Each structure stands twice: as structure tokens, then as C-alpha cells.
Amino acid sequence: MTIRACLGLMILLLFSSTISTALFEDQVGLADWHQKYIGKVKHAIFHTQKTGRKRVVVSTEENVVASLDLRTGDIFWRHVLGEIDRIDQVDITLGKYVVTLSSGGSILRAWNLPDGQMIWESILQVSAPSKSLLHVPANMNVGKDNLILVFGGSSIHALSSTDGQIVWRKELSTNSLEIQQVFQPHDSDIIYALGFIGSSEFVAYYVNYKTGEVLQQSKASFKSGFCGEASLASDDVIVALDASRTYLVSISFRNGVINFQQIYIPDLIPEFFGKATLLPSKYNGILAVDIASSIVLLRVKGVNELEIIEKIIHPSAISDSLPLSKEQQAFAILQHDESRIHFKVKFDTDLTSEVLKETIQMDGQRGNVEKVFINNYIRTDRTHGFRVLVVMEDHSLLLVQQGEIVWSREDGLASIVDSTTSELPVEKEGVSVAEVEHSLFEWLKGHFLKLKGTLMLASPDEVAAIQAIRLKSFEKNKMTRDHNGFRKLIIVLTRAGKVLALHTGDGRIVWSVLLPVLRKSETCGNPFALNVYQWQVPHHHAMHENPSVLVVGRCGHNFDAPGIFSIVDAYTGKVHNSLVLEHSVRHIMPLPLTDSTEQHLHIVIDNNLHAHLYPKTSDSVKIFLDEMPNIYWYSVEVGKNIIKGYSLEIKGELDMAENVFQPKELWSIVFPSKSETIALTATRKMNEIVHTQAKIIADQDVMYKYISKNILFVATVAPKASGEIGSATPEEAWLYAYLIDTVSGRILHRVAHQGAQGPIHAVVSENWVVYHYFNLRAHRHEMSVIEIYDQSREDNKDVWKLVLGKHNLTTPISSYSKPDVTVKSQSYFFTHSVKSMAVTATAKGITSKQLLIGTIGDQVLALDKRFLDPRRSVNPTQSEKEEGIIPLTDSLPVVPQSYVTHALQVEGLRGIVTTPAKLESTTLVFSYGVDLFFTRIAPSRTYDSLTEDFSYALLLLTIVALVAALLVTWALSEKKELREKWR
Amino acid sequence: MGSSRGRSLVLFTLSTLLLVSIAGGFQSDELLQDDEEFGLEGGRPAADPALSTPTRPPIRRRPDPDLPSGSPDSKSVQFSLEHQFGGSGFFPAGTFTARLKSWSHGGQTLTKLRFSRNALTEEEKGAFERLLKEDGYYTIRVPSNVLNAPGRDFVISSVRARCIPRESLDEHFIIHTDGVNIVAVNYGSAGACQYPRMLKYPAKWSFTSFTVLKNSEQAPRTPTFAEELLAGEDGLGEGVKPPEKSFWAKYWMYLIPLVFIVLNAMTQAMNMPEEQTAGQSTQAQRTPSTTVRRR
């Protein structure tokens, strides 16, 4: 054991001599790929300049504003505004600026349309973030200084569209005002602003466009209240829904006189039940009402007169209107018919006939149409042509024109919730000869080219060809398992409830499935996806079966909402089984146990803290009952600042059909609410492998790592300092770090950092934890490391005890023993703030570790763990230097070459996932946010394999040359000897 | 550094233990040393009849008679320990007494923790035996706030009952405090708990308790090297010279093979004269044959 440890360490030392491994320019894209996304589109604005370059500007739910190529769907430019800067509205002004309103109507920005440069930015004083409206007058002559109006938080701002200066500002001095509609009658200087005060009062303002003067203001209250939706029907009539959503209220406000008229919806639409929704639209005299079963188009003939024009049966979607001329507007209707979609365009002047009618074949894994944006173009025969931008249920974006999907973007991948990996199938025997010959020829050709490259004989064209071959290597994109374990499937779950499998070779989507149980239905109104786990990882006797993953969701955002399970085949995406559970899902614990079919046992803790065992088979219950006394779990109650530990027990008879177990509270830790709130908890990865417990330090001494799977790191901060950085003074801010054993509830270590504040990020691995926080005293970010060592095994260092067998190396460790641990810790300054943190993981745990830090610039930085060694000292001794201890510095270095993402950015970085490859030296790194990035890294270099550009041909050639030389010299020597003999 | 401190702590623990055991009947009121982090006492059951009454004592605050009257900012507090045998409810099991020290900056800390355990009743003994048989959990709890118990909640800790029995019932408390709040109590056996756990009854059905009070450590400040870096720049040329090694220490790896070679050469030289005759004869034989061939 110790010998193995020594060996492992020796190897480590040998190869950890290089601190950073950088990439050469021609290696970019060889092992890594990067995909850019934008997220689910909220608004789209078409821009059809006469110059021809046709593009569409979109804003998304991931707070991205982007300009897309209408012909290909490629991104011209995009800006990720960040999580806290929600985009409210987007528009185009002056024909060259994209204007975005964000952060609850408080930030207005203008971006240059051709290249996305920011032109100006204005911060607006808004009393309270509320629903805000952006109004860009469209019918103004270009050249005049156009004003942009922003309504929000009971005030109106008018800004110059050329430089963003606030021209005038009008406080409407009413609380809880929500402007619903703003419009400007043709060729007038008066703006009409219509809205609600509170829930029952309707108000209309007439505002001078030039000065902001309120010309007229009229209010009227409506006793049954409004629900807050309204749709403008004509210049003097607006239609709203009442609070119960069963009455339409048409409001006329001509000349400041307000009249209400109620229309009971079932009187109008007999099949109506439940609640109605008004679809935001701006048609002349037409109203779109969404009732449960269909969309109903109503024509507003007068204040009291509504007429049904058309009922569009769900699932369907309807677009905004597109003005074609002063009188005519067009709109699009998309309606599902099983796998087809009917696309119709109508003019509002003539609703009975269709201008355009097309049928599109649609992939079933995209779900229903959610949003439609219509755009027109002039056909070659000078008639109007129409195309639509369609947002689907899985958040993908399609462009439909002439009955075809011109392009599609899988933008659901911008909102990944969780991910896991799956091995690819093993290569089957009996590959056809032709394929081998083809690949052999390719192989030879490739190597010949490479050889030329190595010998500097290649022409520039050939160099390019070599690079292309390297990038599009057939090898790396195969759908089978490889020897090094580089080829895998990354299975991701998106917020839309779609599961996609990405190939690690080039990031292509192998399969995708929109889970039926995670779609809106009558039983489950508001489903959302939670996690994805490995359900079945076959090996040994179940090898012929495909692996499968478990997708867990919940019906609604409350903890007591019923859970959702779905089991998906990892190779094909076929849904094996899916069900809505009878209980809620609070935690899921994958157990390290499998049943006879290699299905992993999972414990689901519901909201009543009852434990449910899955899969629900008698076989799994039997396996589970054997291990039940050794199963412990804990729950962190963040709001209450309590951590509780439990075991499982059976009260009464076990119901074999239900498999429900009761919790037994074993321990609790109560953090004093006045001084501490839980900020973060972190645990070790379940599947992490530690090579050895021993750590050989200088002078041939050994320290034993305290390696426990049950270590929980908890960070608590002062309640005053739980806000943003700077919200508390250093005296009232502190941070406590705890290391807790989750079986016995023991606090193994507890340390306080005075003057420290969150946000905290932490990563736990082996026997150490690294956490990142802000030091208010030093005005810098800091990273601390805690390493915990087991003292109870110290005695084993005595060789005689080892020889005589008096050691305790083989005794099992119990969490109930009194732990005898020592702790070493150290803090270092770190330049960046951090978005996410992870640690590399390798197959056997021999390779040294690197921390992967998602920086604020959306890059992933690899930092060697040796920099975060608590044993670093200012002047390390010679033996410590040999061990690889770096002299102590006060801050951690950021080496530009050690960015894993090299020149790329993973916009909106949220998570970094590491998976070990089969090759010990290599870790696969998948980082996701709005973008996806995958690469593989070798923290101690690839000491166990030849690099990919190793020239086998050159080696072969050398051998051949050597053999030839050998033969020649042999022949020569024979000849010479013969001559000698004949002398 | 850390390990040596740990060792000295252990030594201290052992020596104190020894002293306590030697002292025998003497029941000290005062701790041996004014150690804020570390207080312990071998609690004797029923040593203090007033405390062993199985009432659930509410927290009493009384002016401590032991203290000189000049320090009003230090007072004694008591809080009770309750235990549970498996499923049934919690029952009083003992009382902790600690001194509450008020600091000038307004904080309060607990020091000098003492513990007295109630004697096990026959009923409790039976319950404990049953727990031992079924390898169940022995659970204890203390209030999370010592001034107004139980505070927000009780702080609970459990151990497998089979971990406790040795000679007597040996238990070990570590109480983590934050001012007057108890964050956690770690309860367990005084030493290792073997796995698999064997059923073993104690010789003496009484508890021997060890208690430790722990406050949070302060993290060391992040080192800053501005001055040292400047100093290092000045004396860049000097550097710290490694201590001069002896000649033997430096060159032993060359010397040993050299000695071997010399020895080898010597033995060969000694053997040479003996073989010379034989060697000559063979040479004599061989020389003509070669000449023949060459011809």
C-alpha cells in the first residue's frame, strides 16, 4: 500500500514539474468545441434595410440581445446582459439603433445595428421596478430628433434617440400605476397613455410629446376590478379583463369621458369555461382571447358590440400584426395538426380568406408553437411574401418560409439545468472490409501528409489539409467507445424539459427528446425539470442492455408539488417509463447499490421527510434492507438555519408495494440566527476516486488524509452581510466555515473569518475544501483552503508495528469513533470574482488536481491545487522544494496560458462539470451557460499516452531506415571480413 | 506546530485525568487550570444530590458564590441535558454548569463547563440494555440557547448505544458554542468505536463523562508580503547560502564505486601472477593456429 503510494507520488512529482500547459494555435478545436446560443426568444424585431442584409434582432429570456442572419440563423452579434439585468423590451429607432429597456425599466441602451457596438446608455430614475413600456414613435420623419418614451414606475421619461439624453421627465405622482398601452394617433403630438391604478381604477393620460405636459387626465374606477391585462381595440376603445377573468370590459375613453361595458364571456363564447387570457396584439378593431381550448378572434364593432370572427383550436399560436400599408395589416396563424403545422396569413381587412396557406412538416420533439413573429418580403413576382420566426415549446427557434424550415436553432441548450455523461456502446466485431480499406487508405494518406508536415516539406495547401484532417478526425466522432474514454455522450436536461445527448467529439446532437411528462398538461400545470441521474449503467452480465438516465422534475415550484420521473434510454433517447409520482420530491439520493438488472437504487425524500425507494421492486427492497442501518442522510433548512441528520426506520409493517420509510432524527446543528445564516453547502462528488490515503511529505514522512465521503462543508455569514459586497462594514461581517461529518453530526472543524463576506463558492475534494469569498478588510477576493488529516493512523508509520501486524490499516473506520484530526489552512488573495468552481477528476485519482474556476469574464481558469497548499511557506526547505511546495506568495497567480477556454468565452457561465476519461491523465471538462464549451485537459500533462500529433509514420520510417542501415552495414562488414580472410 | 500543540493537549488531558483519578473522593469545584477552551471533569453520578433530582430544571441564573464579588460581569448558568432511548421521549439526564463571562465589547462567552450526570434509574438501565441489544441510537439533546432555553430549538446528537460501554459507560461531549448559543453538541464514545459493533455490557452502570467546550477558531490573516518583497529585491544578489556539506556527504556516491573499482583491480592484480603460467600456455597454443589461418 505505502509502496504504491510512494510510486504514485513519485510519478506525480515527476510530471508535475510543469506548472501550466498551454495550447498552440493549431491545437484549437482539436479536442474542444464551443457552441453559441441565445436562449428562448421573447421579442423579435425584423429589420429589412434596402441595402439587403436582412437580419432579425431578438431579445431572450437569458437576457441576450442578438442580431441573427435571417438566411442562416447565424449570430451577427450578441450581448449577454446578465442575470440581474432582465430585458423588458427591445425596439429599433432611427433605422440604425437597437434600443433595449432592461432592469425593470431603469436602464435604456442603444446598440448599433450593423455591429452591435453600444452607442449610449441611460440610467433612469425609477421609484420601484415595475412593468415598463418602451414607446418608439414609428411615423416620425427621419432627421428630426426623435424621442423615445419610457413608461414605468409611475413616471414617463423622454430620451433623445441620438445620444440618450433625457429631454423631459414627468412624474405622474400616482402610486401603483401600471401603464398598459401607449399609442400616438397618426400625425399628432399627443400621446395616449392608458393604464390601471391598483386593481380597480382605469386612467387615461394625454401627454404632449414634445414637452411632457399632461394635457388631460381622466380616471374612473370599476368595482369588480381588473386582472391587469388590456388590449387596444381602436383609437378610443380598449378591452380589459376583469379580476375573475370571466368578463371582458370594454372601456371607451373618447375625449376624456370613460365608459365601462361588461360582457360576460360565456354569453359570447358558449363553450368557454375557466379563465381567459388576452393575447397582446395591436390589430385594428380585432381582439384575440385565449380560452382553454382555443384562441378566439373577436371584432370590436362598438363599445358594446363584439362579434366572433374565428375560433382557432389549440394548439396554435397567433402573431402580432404587421402593417403593410396605412389601412392594411397582416397577421399569421400557426395551427398544429399532429406532426404538421398549418401556416396561414390573413389581412385584417378581409378575415374570411387567407393570403397564404402552407403546411410544414415538424419534428415531434419540438413540442408546440409558443410564439410567432411575422415578417414580409417582396417576391420575385412583386407580390407580398411572408415568413415567420417560430419559437417552439423546447425553446428552439425556426424560420419558416415557403412551407419549409429554412433554419433552426436549438436554443434550449442555453438553459441547461443539469447534465450527466454516458458511455458509448462498445465497438462490435465484424466491421465490413470496405470500411476498413477506406479508413486504412485515409489513415495512410493522413500520416503521409503529417510526415510531410513534420519534415517541413508540406506546401501551405497541404498544411491546411493537415489541419482540416486533424479537426474533422473520423476517429473522434465515432459512435463507439474508444480506448482512452474520450468519446462519451453528454446528456443534458434543459429548462424546457428537453433531454439532449451531445457527442463529446464535436458537440453534435445525437438525439433529443422533449419529455411528455415535463410538458404542460391538465394533471401537471406548471412542470419544471430538476435533475438528471444515471439510472442504469450496465456492465458485466447486463452488457447487452442500453444504459439509461433518470430525469426528475416537479409539478410546480412548491416543494409539496408532486414529483415527476422519467427514464430515458441513453443511446436512443427512447422514453422507457415516465410517471407522475404520488409524493413530492425534496431530495434525491442515488445510492451506491444496484439491483440485479444494474439499476441504481435511489431514495427520494418527500416534503414530509418520508423516504421512498426506487425502483419499486422486491429485489431492490431486499438489497436496501440489508444496508438500511448504514444509510444516513441530512437536510439543510436554509431559511431556518438548521441542519438535521436522519437515519431511516420502519414504523410498523413495511408496505412492500409502497416502500416508504420514516425518518429518525439523529442530530441537529442550530446556527444562531442573530449571527449566522447559511450561505452555502458543498459536498464531495459521490463518484470521486482517491488513489491513496497517504500523503508523502518532505523527509520521507507520511501524513494520512482524512478521507470521508460524508464530509459536508457549510459556510455561514453574518445576516447583515448576506447582501451584496459593500452592504456591510468589515466589523459587522464575518464568515464561518464548518466541516461536518454527516453521519454523526460532528463538527470536525470550525473557523471564523472576520471581515469576510459572500458570495461564497466552494469545492470539496479528497480531504480538502477550497472556498472563495470577499475580504472586506483587504478589499480583495480571497481563497482559503482547509486540509484535514487523520491522526489516528499516525502510529502506522512505525515499521515494526507494520511488520508485527499491530497496525490499524485494515480496521474499518467508523464515524462514531472520536475523530483524531488535525487541520491545516491558509488563505490567499485572488484577483477575480468567481461564477462557478469545480475540480478535475481522473479515473484513478493519481494525477494531481486542478481547480477550474469560472471567472467573471466567462472563462474557465485552471489553477493548480499546489498553489492552494496550506503547507506553503516563505522559504521552503530543500526537501519541501523537492516535494513540489511552491514558496508562499500572498496572492494566487493567474497565468494567461492556463485558461482552459483559451480565447473563447462561455457567455453566462453557470456550471462546470468534470468527468474522468479512461486515460488516467485526462479529465473531460464541460462548461455551460448560455454557451457550451467542452474540452479535455491533462493537469499533469499526458504522461501516459503519446500526443495526437505524434508521427507514427516518422517512427516507422526511422525504424525502416535503421533496419536498412543495419542490413547495409552488415553486408559491408561481411564483405570486408571476407576480404580480410582472403588476404 | 499544529500536531505538537495537539500532542500537548492530549498530554494535558491525560495528566488531568490522572490527577482526577488519583484525587479519588475529592470533588473539586474549581477547574485545575483556567482554560477557556478546555474544561473537563469526571462526573460522578449522584455526587451532588441537589442536582440529581430528576426535575427538568429551568435555566437558573444565580450569582456565583465562588467568584470574588468584584466581578459582576461573570455569572453561572445551568442548562440541562436530556436523553432518549430509541423512540420514547426525552428525559432529564444531567446538568451542565458553566460560567458566563461578559466582555467589555458586549459579547458573552461560556467558560468553565462542568457536568454532573444523574444516576441511571433501573428503568433507564433496562432501556439502555435494550438499546444495546438492538444496536439502537442513544440520543441526547441540550437547548440551543443557554440563557432562555430551549432557544430556537434543541441541539440533538446521537450515537449507537454499543459505542459507549467500556469499563463503565464512557461518554464524550464536545459543545460548540457561539456566545450564549450552542451551535452543536458532538456526543460519542470517549475513544474509538469498533465496527462491527459487538454487544458488550459495561461492568459498571454509571457514566464517566468528559466534556469539552469549543469556540470557533479565528482564521489566520492572509499573509501580505509587500515589505518582504521589497526587502527581497534589495538583497537579491545575496541569497541564502545552503549550509556547507562535508566532503563525504557530497561525494559518497562517487567514492563508493571508486573504492570498489580499486578493490577489484587489486584482487585482479593479486590473482594475475597465479594465472600467468596457465595463461601463457594457452597463448602459446593459440598463437600458432592463428598464424596458420592467416596465411
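Phe85(B) and Phe128(B) are both buried in this predicted model. The centres of their rings lie 6.1 Å apart and the planes stand at 75°, so the pair counts as edge-to-face. Since Phe85(B) belongs to strand S2 (residues 74-85) of chain B and Phe128(B) to helix H2 (residues 122-134) of chain B, the pair ties together parts that are 43 residues apart in sequence. Both rings also belong to a cluster linked by ring pairs, whose other members are Phe79(B), Phe96(B), Phe115(B), Tyr138(B), Phe173(B), Tyr187(B), Trp205(B) and Phe207(B).

Over all chains, the structure holds 38 aromatic pairs. One of them joins Phe196(A) and Phe202(A), which is again described as edge-to-face, and both of these residues are buried. The table sets out the two pairs described here.

| Ring pair | Centre to centre | Angle between planes |
|---|---|---|
| Phe85(B) and Phe128(B) | 6.1 Å | 75° |
| Phe196(A) and Phe202(A) | 6.1 Å | 65° |

Rings of chain A also take part in contacts with charged groups. The charged end of Arg55(A) sits over the ring of Phe76(A), at 3.9 Å from the ring centre, and Arg936(A) lies over the face of Phe486(A), where the distance to the ring centre is 3.9 Å.

The fold of chain B comprises 4 helices and 10 strands, which follow one another from the N terminus in the order α-β-β-β-β-α-β-β-β-β-β-β-α-α. Of the 295 residues in this chain, 38% are buried. If one takes the contacts in chain B between residues at least 6 apart in sequence, 62% of them join residues at least 24 apart.

In chain A, strand S11 (residues 147-152) is mostly covered, with 6 of its 6 residues buried. The burial extends to both faces of S11(A), with Leu147(A), Leu149(A) and Phe151(A) on one side and Ile148(A), Val150(A) and Gly152(A) on the other. Strand S10 (residues 133-135) of chain A pairs with S11(A) in the antiparallel sense over 3 bridges, and within this pairing His135(A) stands opposite Leu149(A).

Elsewhere in chain A, 3 strands form an open sheet with antiparallel pairing, in the order S59-S60-S61. Its edge strands, each pairing on one side only, are S59 (834-839) and S61 (860-864) of chain A, and the twist averages 25° from one strand to the next. Strand S60 (residues 850-855) of chain A is joined to S61(A) by 5 bridges, with the two strands running antiparallel; in this pairing, the bridge partner of Leu852(A) is Ala862(A).

The contact between the chains takes 52 residues from chain A and 49 residues from chain B. About 3800 Å² is buried between chain A and chain B, and carbon and sulfur atoms give 49% of that area. On the side of chain A, the residues that lose the most area to chain B are Val670(A), Arg750(A) and Tyr816(A), which together account for 19% of what that side buries.

Methods
Residues numbered from 1 in each chain as written. Chains lettered and ligands numbered in written order. Predicted model: local features only at pLDDT ≥ 70, side-chain atom pairs only at ≥ 80, totals over all residues. Heavy atoms only, no water. Pairing = 2+ DSSP bridges. Axes fitted to C-alpha atoms, helices over the stretch in contact; angles between N-to-C directions. Phe/Tyr/Trp six-rings, centres within 6.5 Å; stacked < 30°, edge-to-face > 60°. Buried < 20%, exposed > 50% of the residue type's maximum accessible area, 1.4 Å probe, protein only. Lys NZ or Arg CZ within 6 Å of the ring centre and 35° of its normal. Contact = heavy atoms within 4.5 Å. Buried area = accessible area lost by both parts, 1.4 Å probe.
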